[in-house]
Amino acid sequence: MSPPPDPDPTALRQSLARRRAEQGWSYDQLAAHSGLSRRTLIEIEQGRTVGSLATWHALAHAFSVPLGELLDPLCAPHDPPGSAG
């Protein structure tokens, strides 16, 4: 069995930036909605960190989307597990 393909953190951070822009939220507004620090949000969007599972859980709640939907971009360059490929 071959190892799984690498996740795409660039697509994940771009998706976060896009969602934030679609809401019309500044970093401060997303911080207020998610309970995360402005610095954490900037570091994720700029690719300095990927964040923890707890971070993405908070973001999913802030955007009112399932966590899996928020993390889908990780599989952008390949078919996610269980998909018809």
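**Helix 4 and the residue after it**

Let's start with Ser64, which sits in the loop between helix 4 and helix 5. Helices here are DSSP runs of H or I with at least four residues, numbered from the N terminus. This is a predicted model, where local features need pLDDT of at least 70, side-chain atom pairs count only at pLDDT 80 or more, and totals for chains, interfaces and linings use all residues. Residues are numbered from 1 along each chain as its sequence is written, and side-chain values use heavy atoms, with hydrogens and water left out.

Back to Ser64. Its phi is positive, near 55°, and it is not a glycine. Ser64 follows helix 4. Is Ser64 buried or exposed? Exposed, with a relative accessible area of 65%. The cut-offs: exposed is over 50% relative accessible area, buried is under 20%, with a 1.4 Å probe and protein chains only.

Now helix 4 itself, residues 53-63. Its buried residues are Thr55, Trp56, Ala58, Leu59, Ala60, Ala62 and Phe63. They pack against helix 1 (9-23), helix 2 (27-34), helix 3 (38-45) and helix 5 (67-71).

Next, the core. A nonpolar core is a set of buried Ala, Val, Leu, Ile, Met, Phe, Trp, Tyr and Cys residues joined through side-chain atoms within 4.5 Å. The largest one has 18 residues. Among those with the most contacts inside it are Trp56, Leu59 and Phe63. Helix 4 gives the largest share of this core, six residues.

Last, Trp56. Contact means heavy atoms within 4.5 Å. Leaving out residues up to four places away in sequence, Trp56 touches Leu12, Leu16, Ile44, Val50, Gly51, Leu67, Leu70 and Leu71.

Technical notes. Helices (H or I, at least four residues) and strands (E, at least two) are DSSP runs, numbered from the N terminus.
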